[in-house]
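Visitor: I am new here. Could you pick one spot, look at it closely, and then work outward?

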Amino acid sequence: MFKVNHKNFLILIVLLGIFILSGIQWTTVQSPLKVSVLDIGQGDSILIQTPEFKNILIDAGPDSAVVDRLGEELSFFDKTIDLFILTHPDMDHIGGALDILSKMKVKQIMLTGVVGNSQIYKTFLDEVKRQATPLIIPTANRDLRIGPDLVLDIVYPLPGQSFLGKEVKSANNTSVVT
């Protein structure tokens, strides 16, 4: 019969410690870069998950379906979008943007700054201002370092080109390209 005394208790603790330590990997495990094209019906939304566990969301589709799809892709406790890129302010790309702002913690937003005429876009910009979410206006000569080995290359707008505050015929032609 195993009698519990001070010596046996100490041996049990040491064995438990060895068991726990044997399960620890001493090298850093890095997750792969993951890109998910979210099925949200008409429109676009892409989720990029980096090896450093950062979430980059490109566009939000036409409605709140994007939030449900994000719920399927992200862990239950992960409610953070580190960078939210809105390529342009057409409805099929920004319709779910307000839902993202209300249900997720958005750390920063990239948009071209082109004038959008929809009420949803105007309300979105008001909410961004209210939440004091930092805005990034992209330029092709300003790449963003996302992680130690990961850079978001901004291809369009072209160097020296800016759509900030401009009204255009087709917002599609002003889309951020990374």
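Guide: Buried means under 20% relative accessible area, exposed means over 50%, and partly exposed lies in between (1.4 Å probe, protein chains only). Thr-178 is partly exposed, because its relative accessible area is 38%. The model is predicted, so local features need pLDDT of at least 70 and side-chain atom pairs 80 or more, while totals for chains, interfaces and linings use all residues. Numbering runs from 1 along each chain as its sequence is written, and side-chain values use heavy atoms, without hydrogens or water.

Thr-178 sits in the segment after strand E10 (150-152). Strands (E, at least two residues) and helices (H or I, at least four) are DSSP runs numbered from the N terminus. Leaving out residues up to four places away in sequence, Thr-178 touches Ile-58, Ile-85, Leu-152, Asp-153, Ile-154 and Val-155 (heavy atoms within 4.5 Å). Pro-157 lies 21 residues from Thr-178 along the chain, and their C-alpha atoms are 9.6 Å apart.

Now the rings. There are 4 aromatic pairs in the structure (Phe, Tyr or six-membered Trp rings with centres within 6.5 Å; planes under 30 degrees apart are stacked, over 60 edge-to-face, the rest tilted). Phe-76 and Phe-77 are edge-to-face because their planes meet at 85°, with centres 5.1 Å apart. Both of these residues, Phe-76 and Phe-77, are exposed.

Phe-84 and Phe-124 also pair edge-to-face, at 6.3 Å between centres and 90° between planes. This pair links distant parts of the chain: Phe-84 is in strand E5 (residues 83-86) and Phe-124 in helix H5 (residues 119-131), 40 residues apart. Phe-84 and Phe-124 are both buried. Ring pairs join Phe-84, Tyr-121 and Phe-124 into a cluster.

The search of the whole structure finds 1 cavity of 30 Å³ or more.

Some terms remain. On a 1 Å grid over the protein atoms alone, a cavity is a set of points where a 1.4 Å probe fits but cannot get out; a pocket is an open set with protein on both sides within 12 Å along at least five of seven lines; lining residues have an atom within 4 Å of a point. Volume is the space filled by probe spheres set on the points, which join across faces, edges and corners.
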